[in-house]
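Let's take a quick tour of this protein together. Have a look at the sequence and the fold, then read on.

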Amino acid sequence: MQDESLLRWGVLAAALVGGIVLIAAAFASADDLSGRTWVAEELTIDGTTTEPLPGTVLSALFDNSSVSGIAGCNSYFAGFGTDGSEIRIGLTGSTKMLCAEPPGIMRQEAEYLRLLNLADEFEVDRESLTLLADGEAIIVFAEADVAEG
C-alpha cells in the first residue's frame, strides 16, 4: 500500500514539474533572447523549408531593443519589441554590398530580412529559437555556441 502511495505521489510530482516547464515555455520574454547570438538553421519560404546556402551565415543578436547580425552578405540592424511570446521586428537597415557567391545569396538575404519582418511570435527552447508568423515556423535558429560546436 505504501509503495502504491509513493508511486501516485511520484506521478503527481512529475506531472506538476512537466506543467511548470510547459508554462515557462509559454511565457517567453525578451530576456530569453537578449545577449544571445543565434544562427539560422532553417528558413521557410513560401511553405518550403530549406537550410541556408552552404558557406553563408544568417545570424541574429538580440540586445535590449535592437537586433543585428549577418544576413548572408550584409550586416543588418533593426529595432524589436516583445510582449510575452509576441515579437515585432522593425524595418531593417543594412550595409549595401553586393555578393555574387554563392549563387542565390542576395535572394536568400532578401528573404531572410523579409521573414524577420514577418515574425509575430517566438519560442525559445534551451539552445533554439523559432520565429513564427501566423502560427507557422519561418526561421529556426540555434544558439551560436551550440551551432558551432
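## Before we start

A residue is called exposed when its relative accessible area is over 50%, and buried when that value is under 20%. Keep in mind that what you're looking at is a predicted model.

In soluble globular proteins, nonpolar side chains tend to be buried together. Here, the largest nonpolar core has 28 residues, and the members that touch the most others are F62, Y112, L131, I139 and F141.

Leaving out residues up to four places away in sequence, Y112 touches A40, L43, L58, S59, A60, I70, A71, Y76, I139 and F141. Two of those partners, I139 and F141, are also on the list of core members with the most contacts to other members.

Two non-glycine residues have a positive phi. One is D46, at about 50°, in the loop between β1 and β2 (48-50). The other is R126, with phi near 55°, in the loop between β8 and β9.

Are these two buried or exposed? D46 has a relative accessible area of 69%, so it counts as exposed. R126 comes in at 68%, which is over the 50% cut-off, so R126 is exposed too.

Notes. Residues numbered from 1 in each chain as written. Predicted model: local features only at pLDDT ≥ 70, side-chain atom pairs only at ≥ 80, totals over all residues. Heavy atoms only, no water. Core = buried A, V, L, I, M, F, W, Y, C linked by side-chain atoms within 4.5 Å. Buried < 20%, exposed > 50% of the residue type's maximum accessible area, 1.4 Å probe, protein only. Contact = heavy atoms within 4.5 Å. Helix = DSSP H or I, 4+ residues; strand = E, 2+ residues; numbered from the N terminus.
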